[in-house]
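Hi,

Here is the structure I said I would pass on.

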Amino acid sequence: MAARREAYANDLGQVAPLVAVTARSNRSKVDQDPAQWLLPSADVLCRYGAEWTAMKVFWGLAVDELERDRLFDIAAGCGGTDVELTPAL
């Protein structure tokens, strides 16, 4: 379990979650999930939701009910956002 946690924390193989943002945006998010915080720009909301979901699936991470509901709400407003991934071993 510790090795998997370390691999997740140091995963640089997935370029999707490595998106440059302003320091202000980064500080406002802290460690909140989409149920508590969303990007201020609606233009990137579909990408953000898709990439967040992809990383949860990739690493087999848990999703609580509020987070799941918010991700479904985001996805409902997005047409044709494709994300390809291979689950981590």
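**Starting from Gly-49**

Gly-49 sits in helix α3; helices here are DSSP runs of H or I with at least four residues, strands are runs of E with at least two, and both are numbered from the N terminus. Before going further: this is a predicted model, where local features need pLDDT of at least 70 and side-chain atom pairs count only at pLDDT 80 or more, while totals for chains, interfaces and linings use all residues. Residues are numbered from 1 along each chain as its sequence is written, and side-chain values use heavy atoms, with hydrogens and water left out.

Is Gly-49 buried or exposed? Its relative accessibility is 6%, so Gly-49 counts as buried (buried is under 20% relative accessible area, exposed over 50%, partly exposed in between, with a 1.4 Å probe and protein chains only). Leaving aside neighbours within four places in sequence, Gly-49 is in contact with Leu-71 and Ile-74, contact being heavy atoms within 4.5 Å. Pro-34 is 15 residues away along the chain, and its C-alpha atom is 7.8 Å from that of Gly-49.

**The α3/α4 pair**

Ile-74 has its own set of partners: with neighbours within four places set aside, it contacts Pro-34, Leu-38, Leu-45, Cys-46 and Gly-49. Between the two helices, Leu-45, Cys-46, Gly-49, Trp-52, Thr-53 and Lys-56 of α3 meet Glu-67, Leu-71 and Ile-74 of α4.

The α3 and α4 axes come within 9 Å and cross at roughly 135° (axes are lines fitted to C-alpha atoms, for helices over the stretch in contact, with angles from 0 to 180 degrees between N-to-C directions). That makes α3 and α4 oblique to each other; under 35 degrees counts as roughly parallel, over 145 as roughly antiparallel, 65 to 115 as roughly perpendicular, and the rest as oblique.

The largest nonpolar core has 6 residues: Trp-37, Tyr-48, Trp-52, Leu-71, Ile-74 and Cys-78. Such a core is a set of buried Ala, Val, Leu, Ile, Met, Phe, Trp, Tyr and Cys residues joined through side-chain atoms within 4.5 Å. Both α3 (45–59) and α4 (65–76) supply at least two residues of this core.

**The rest of the chain**

Overall, the protein has 4 helices and 0 strands, in the order α-α-α-α. Of its 89 residues, 22% are buried. Among contacts between residues at least 6 apart in sequence, 67% join residues at least 24 apart.

Arg-4 lies in α1 (residues 2–9) and, at 32% relative accessibility, counts as partly exposed.

Cheers
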